[in-house]
Amino acid sequence: MRTLTYYVATTLDGFIAGPEGGDPSGPAGGFFDVTPDYLEHVVTHYPETLPGPARELLGVTAPGTRFDTVLEGRRSYQLGLDAGLADAYPHLRHYVFSRTLTARPDAAVEVVATDPVEKVRELKAQQGGGIWLVGGGELAGALYPEIDELVLKVNPVVIGSGIPLFAGRAGADPRAFRLTEHTVLPGGVMFLGYTRA
């Protein structure tokens, strides 16, 4: 069975973006620094998570070892569209969950307007590699019961408010995870991997 991994950057206080959304690593108001040690770690361990143009610029041709499918919510997808990328991950099967997109912005991107949990269960039952959940927080909140692994890129910054790791959830529903990997980079970012206990 395939696994769903929420691989995402977060602040120390658990936010994946600021209150207005937007690209938290972008030049306009970004608070996640993309340092050389961070980039090297991603290229070495998670090359498939780099957008197509970044892979090309860095000369990355490695297919990756973890994921062959990427999922993202409408707002996360919009960040790519705003940057001129209708398919930021052409090297992966790409699904966008949205009830507002009426047409496919790119032939290779599948727009899913149905229940995210149902679609993820269908994908997990298929043959293939891991499934990467980019975000955003609302999609992660909807897929909360289906997340098998977390890979948190914890950045040494606190922002006070914003879009949480899991948005739109009502009430507590504790889930235990065990630490399976950890790397602390010289620049201060921690890569923490957890598997559902």
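Reader: What makes a feature count here?

Author: This is a predicted model, where local features need pLDDT of at least 70 and side-chain atom pairs count only at pLDDT 80 or more, while totals for chains, interfaces and linings use all residues. Residues are numbered from 1 along each chain as its sequence is written, and side-chain values use heavy atoms, with hydrogens and water left out.

Reader: Why is Ile147 called buried?

Author: Buried means under 20% relative accessible area, exposed over 50%, partly exposed in between (1.4 Å probe, protein chains only). Ile147 has 1%, so it is buried.

Reader: How do you know that Ile147 is in a loop?

Author: Helices (H or I, at least four residues) and strands (E, at least two) are DSSP runs, numbered from the N terminus. Ile147 sits between two of those, α5 (137-142) and β7 (149-155).

Reader: And what does Ile147 touch?

Author: Contact means heavy atoms within 4.5 Å. Leaving out residues up to four places away in sequence, Ile147 touches Leu4, Tyr6, Leu133, Ala140, Phe166, Phe177 and Arg196. Thr195 is 48 residues from Ile147 in sequence, with 9.1 Å between their C-alpha atoms.

Reader: What makes something a nonpolar core?

Author: It's a set of buried Ala, Val, Leu, Ile, Met, Phe, Trp, Tyr and Cys residues joined through side-chain atoms within 4.5 Å. The largest one here has 22 residues, and Leu4, Tyr6, Leu71, Leu133 and Leu143 touch the most other members. Two or more residues each come from β1 (4-11), β4 (93-97), α4 (116-125), β6 (130-135), α5 and β7. There's also a second, separate core of 17 residues, including Val42, Val60, Trp132 and Val151.

Reader: Why is β1 called mostly covered?

Author: Eight of its eight residues are buried. Leu4, Tyr6, Val8 and Thr10 point one way from β1, with Thr5, Tyr7, Ala9 and Thr11 pointing the other way, and all are buried.

Reader: How do you know that the buried residues of α4 are on the same side?

Author: The ones to look at are Pro116, Val117, Lys119, Val120, Leu123 and Lys124. They cover an arc of only 160° around the axis, so they fall on the same side of α4; the arc is that of the directions from the helix axis to the C-beta atoms. In general, an α-helix has 3.6 residues a turn, so residues three or four places apart point the same way. Glu118 and Ala125 are exposed, on the face of α4 turned away from its buried side. The cover over the buried residues of α4 includes β1, β3 (67-73), β4, β5 (109-112), β6 and α5.

Reader: Why are β5 and β9 called edges?

Author: The open sheet has eight strands in the order β5-β4-β3-β6-β1-β7-β10-β9, with mixed pairing. β5 and β9 (177-184) each have a single partner strand, so one side of each lacks a neighbour in the sheet. Neighbouring strands of this sheet are turned by 25° against each other on average, direction ignored.

Definitions and conventions: Two strands pair if DSSP finds at least two bridges between them. Axes are lines fitted to C-alpha atoms, for helices over the stretch in contact, and angles run from 0 to 180 degrees between N-to-C directions.
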